[in-house]
Structures are given as structure tokens and as C-alpha cells.
Amino acid sequence: MTKRPLILVTNDDGINAPGIRTLIAVMDTIGDVVVVAPDSPQSGMGHAITLDATLYVERLTKNGVKTNEYSCSGTPADCVKLGIKEVLDRRPDICVSGINHGSNSSINVIYSGTMSAALEAGIEGIPSIGFSLLDYSWNANFEASKKYVKLITENVLKHGLADGVVLNVNIPNVSEKEIKGIKVCRQAKANWEEKFDKRVSPQGRDYYWLSGKFVNLDHGEDTDEWALAHNYVAVVPVQFDLTAHHSIQNLNTWNLND
């Protein structure tokens, strides 16, 4: 009998978020699931790790019975590190992160705790995927996501991923019948036009709320933003090697040895 794969599940919205509950349900149909996720929302944490505070991991119980779910006081990256090094008794066959409430396409991947958790697993040489749905609502409907989450996960388990590559999967916020399929694409060139809402506290101190507008600067039809706008699931292979390889030759022409 083929051994069921061991699947590490995590996220950044917290262990009780509807998105991760959907992800757990799908993964249960594929393999043996262990969950290590933040005990509270950690959105926008990027690849932060905890260095100057105590980390706690608590095994959850349901109806008095211990489950394979653990809540962690740290960041998404902390959850993966602790999951691999302390919680699991062997290396997972795959790590899946999400399903995030909101987009992690284009530049958002830089700030995403969901994707940083997946990248942390990738650093450890574990095939990993970050899933996101383009709906920020806590009550988002993840029903249409299930088919694609399962299909992509099963393909990664079957085919593997190239060394250092992690998949960033974004799913449009439409019904399943409206999704046209899957597009493997590149990350769009886009950014946030940010501004700060400055206010004054009752104590007379200035404080700020970050706000802004997302701007897609890329008109290519091979990007994640184009795919999502046209109701395709966008799959972008990303890597944690940030080297700009195309710039090495040019930099070597500079006079840097004087």
C-alpha cells in the first residue's frame, strides 16, 4: 500500500481562519495532515522571525482528544521552522500555506506571511505552495478554491518542484463555473501608491494609518494580474534566491578594486 504523504499546513490569518479550515479539509483527502499555524492573525508579516521573545506552541484538543493541530505564538515563518524542527517526527512531503484571505499576486508576495511560510519550507528543501483567494472578507466563500487547491497539490506531489522553487497560487473571487482554468505565468510589475493618514491622539501624539492604492504597471498578457482579471487561477513559480543574475556581468565592469 502506498504511504500517504505527510502534509504540513500553515497560514498567516490564524489557525481559526476559514481559509485554513478549508485547506485542512482538502489536504485531509490527500494525506496525513499536521497543522502548525499562528494563534492570531499575522498578515503582512513577510518573512519576520521571532528573535527577542519566547515562542509557545500548544497542541489543540477537540472534545477532550488531542488533535494534530498546533497553535504557535510566532510568525508564519516561525510556524514552519518549529513544525519541521520540533513538532513533526519526520520531514513533511509537502508544505501548503493559506488559503489566504486576499490577494498575494504581483508585489504583494514580498509582504505576504502566507508566501513567506511557503518560502521557509522551500528553503528547507520541501516542496511548498502558497494559496490565496482574492477576497479579504473573513466570511469569504472558498468553495470554488477546493478543486484547484487539490489539483495543484496533487501535481506537486507527483512531479515535484525544481530546487528552490515555490508556487504562488492566486484564485479569482468568482464561482467555480466562472473560472476558466489555470495559467502558469510571471509576476506582474505592480506596486502600491501609498499614503499615511496622520492623526493626533488624545494625548497629543501624532500617529499614522497606512493606506494606498494598488497600481498595475504591467500590460503583458502573461502575468498573474492579467490571468486573475480574466478569471484564471494564476500560478507563479517564485524563488528565495534574490540574486539579480542579469546584473552580475554589468557590475563586474565597474572599478570596484581601488
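In this predicted model, Ile99 counts as buried, because its relative accessibility is 1%. The residue lies in strand β5, and, when residues up to four places away in sequence are set aside, Ile99 touches Asp13, Gly19, Ile20, Thr22, Leu23, Phe131, Ser132, Leu133, Phe142, Ser145 and Val149.

The cysteines were examined for covalent links, and the structure was found to hold 0 disulfides. Cys79 takes part in no disulfide, the nearest cysteine sulfur being that of Cys72 at 3.9 Å, whereas a pair of cysteine sulfur atoms must lie within 2.5 Å to be assigned as one. For Cys95, the closest cysteine sulfur is that of Cys79, and the 10 Å between the two sulfur atoms is too far for a bond. Cys79 has a relative accessibility of 0% and therefore counts as buried; Cys95, likewise at 0% relative accessibility, is buried as well.

With regard to the overall fold, the protein chain contains 7 helices and 11 strands. Its radius of gyration is 20 Å, close to the 18 Å that the globule rule gives for 258 residues, so the chain is as compact as a globular protein of that length. Along the principal axes, the C-alpha trace of the protein chain spans about 60 × 55 × 50 Å. Of the contacts in the chain with a separation of 6 or more, 76% are accounted for by residues 24 or more positions apart.

Buried residues make up 45% of the 258 residues in the protein chain. The accessible surface comes to about 14400 Å², and 50% of this area belongs to carbon and sulfur atoms.

Definitions and conventions. Residues are numbered from 1 along each chain as its sequence is written. This is a predicted model: local features need pLDDT of at least 70, side-chain atom pairs count only at pLDDT 80 or more; totals for chains, interfaces and linings use all residues. Side-chain values use heavy atoms; hydrogens and water are left out. Helices (H or I, at least four residues) and strands (E, at least two) are DSSP runs, numbered from the N terminus. The radius of gyration is taken over C-alpha atoms; the globule rule is 2.2 Å times the number of residues to the power 0.38. Buried means under 20% relative accessible area, exposed over 50%, partly exposed in between (1.4 Å probe, protein chains only). Contact means heavy atoms within 4.5 Å. Accessible areas come from the Shrake-Rupley method with a 1.4 Å probe; for residues, only the protein chains shown count as cover.
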